[in-house]
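Open the model in your viewer and colour it by chain. The tour moves from one selection to the next.

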Amino acid sequence: MTFLEKQTDPTTPMHWNGDMQADYFYSNGVAGDKFFKHLMKKDTFLASECPKCGVIFIPPRLYCEDCFCDIPDENWMEVKSQGIIRANTTAMIDAHGDPLEEPVIMALIDIDETDGAMLGRVKTEILDMDLCGLTVKAVLRPKNEREGTMKDILYYEPY
Amino acid sequence: MNDVAVIGAGMTVFQRRLKETGKELSYLATKMALEEAGITKKDIDMVVMGSAPDAFDGIHQKGENLLDGAAGAGKPYVRVFNGGGTGVFAPIAGWWHVASGVADIALVVCEEKMGNCYPHPQTAFRHIWDPILDRPLAPNLVWLFAMEMNRYMTKYNIKKEDIARVAVKNKRNAVGHPCAQLPDEKITIEDVLNSEMMAWPVQRLDISPPSDGASALIFCSKDKVRQFTDDPVWVDGVGWNIDSTMWTNRDLSFPRYVANAARMAYKMAGIHNPRKEIDFAEPYDPFDYKELHHMEGLLLCNKGEAPILTREGVTERDGNMPMCPSGGLMGVGNPIAATMGQKICELYWQLAGKAGKRQIPTDPQVGVGQAWGDIMQMATVAVLRRG
């Protein structure tokens, strides 16, 4: 081995500061447009069911990735914006390792009447770290403030 | 298909924020592998580079940047990349260069310089998510894996101390590894359980650290291998598999894509009963729970049984089924693609009897190495055999 000294300070070696700046617009896509336009008007979610295997996708999709077939418009359906927490974490630090001002609860929520789950933030007075099995419903922005993005779902709360 | 042997391997020290550039790290690892094999650059027919997201080094299309340090200039050269799976996928690509007959000698170099990314390489992971569904929620990988760990613990009623035991074993195994970033002879389960809570249930000592480093491996065809050794180590089987990117639609308690990749590799290797026919394994362990998850995915025990076997000492270096005798990512470090050094180079060193202080005492004949990547969906597996 050629080097064994330890260093954690990135400015120790001679260096040059740079970045990889690039800005983007990400389109919602065809299925995404439909899902978010619905969510701007209603307090429910849209899901889509594969005509061959019967799997109900949420978020909804134009095609089934297993059967590799189209999911026609008539196979789209409205489902309640609620479900059961399958897994969760309570984060104390951010991506840089710095402490968060207050812990963030992020959960994978199995959405009722579907075979899928949504990633979401959870707000609760429950102090337990482990929230698996808890029934939660989405709290959405007021309708006149919805923009057609995931941020229209403010968080989920127990019901 | 032609039979493929390993004839040399190299690995730099793993550390956070090394002075050396990515290509300098590649050069050092390559030079070690060439010296161990007793060959020079002119003997290499083709080169495979494995390196994970460009955003770590901060150089778009970094394969070209690393080229000259990897003995690739003027040769057929390709970079392969599938996130954390790269450390075993790059050697799979090197294997097929030789197995297909297009090369007699192929060099594989894996490099990662995460220290360039400031203030923390987690920044690079901000952009791996679905931009519509996931990114607006600002998740990060530690949070995501915390949910998978929770799901695994919930499904099989696993206690945190049985997960922490893996961190202790691997950091102790790394003692004596010349490249190790985090060896710790004296670490205890209590140390892990008392470490900083990052994203419940993940604590500071449950995670391998970001790192800089490189590793290299040289493959040789059966026709030429006797020029280099009388006791070759062979690649008997390879497998890879990727699950849906719609990770929210999957049960996270069992990595079925790892099982699919393992079955592919075992079939090629003629292994019918992996629990009896495989002597040791290097499952991918960026988190302590992942070793357990992957041990089950590799079909080396029943679902939910890995923590019990670990508690019983079965997976210790002198146990019946050693796991991560190298010290793994938990003990040696986690420069993503360069972990080929623990996952495949280590198989070679163990099977060739060159593992020094890390040598498994029971004369192992068959080992399996595995890596894991993308959004909890990619598995890459290789089986190596002595003689």
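Select A:Ser48 first: its bridge partner is A:Phe57, in strand 2 of chain A. Keep in mind that this is a predicted model.

Now widen the selection to the two strands. Strand 1 of chain A covers residues 44-49 and pairs with strand 2 in the antiparallel sense, over 2 bridges. You now have an open sheet of 3 strands in the order 2-1-5, with antiparallel pairing. Strand 2 (56-57) and strand 5 (76-80) are the edge strands, each pairing on one side only.

Next, show helix 1 of chain A, residues 29-41. Helix 1 packs on the sheet and touches strand 1 and strand 5 of chain A. Its direction makes about 150 degrees with that of strand 1.

Turn to the boundary between the chains. Select the residues in contact: 48 come from chain A and 56 from chain B. Chain A and chain B bury about 4400 Å² between them, 67% of it on carbon and sulfur atoms. What does the rule find across this interface in salt bridges? It finds 0. Polar contact, by contrast, joins 13 residue pairs, both partners at pLDDT 80 or more.

On the chain A side, highlight strand 6 (82-93), strand 7 (99-111) and strand 8 (117-122), the elements that each give two or more residues. Strand 6 gives the most, with 8 residues. By type, the chain A side divides into 26 nonpolar, 11 polar and 11 charged residues.

Finish on strand 6 of chain A. It pairs with strand 5 of chain B (residues 197-200) in the antiparallel sense, over 2 bridges. Zoom in on A:Thr90, which stands opposite B:Trp200 in that chain B strand.

How values were computed
Residues are numbered from 1 along each chain as its sequence is written. Chains are lettered from A and ligands numbered from 1 in the order in which they are written. This is a predicted model: local features need pLDDT of at least 70, side-chain atom pairs count only at pLDDT 80 or more; totals for chains, interfaces and linings use all residues. Side-chain values use heavy atoms; hydrogens and water are left out. Contact means heavy atoms within 4.5 Å. Buried area is the accessible area (1.4 Å probe) that two parts lose on being put together, summed over both. A salt bridge is a side-chain nitrogen of Lys or Arg within 4 Å of a carboxyl oxygen of Asp or Glu. A polar contact is a pair of N or O atoms within 3.5 Å; within protein, one must be able to donate a hydrogen and the other to accept it, and residues adjacent in sequence count only if both atoms are side-chain atoms. Helices (H or I, at least four residues) and strands (E, at least two) are DSSP runs, numbered from the N terminus. Ala, Val, Leu, Ile, Met, Phe, Trp, Tyr, Cys and Pro count as nonpolar, Asp, Glu, Lys and Arg as charged, and the others, Gly among them, as polar. Two strands pair if DSSP finds at least two bridges between them. Axes are lines fitted to C-alpha atoms, for helices over the stretch in contact, and angles run from 0 to 180 degrees between N-to-C directions.
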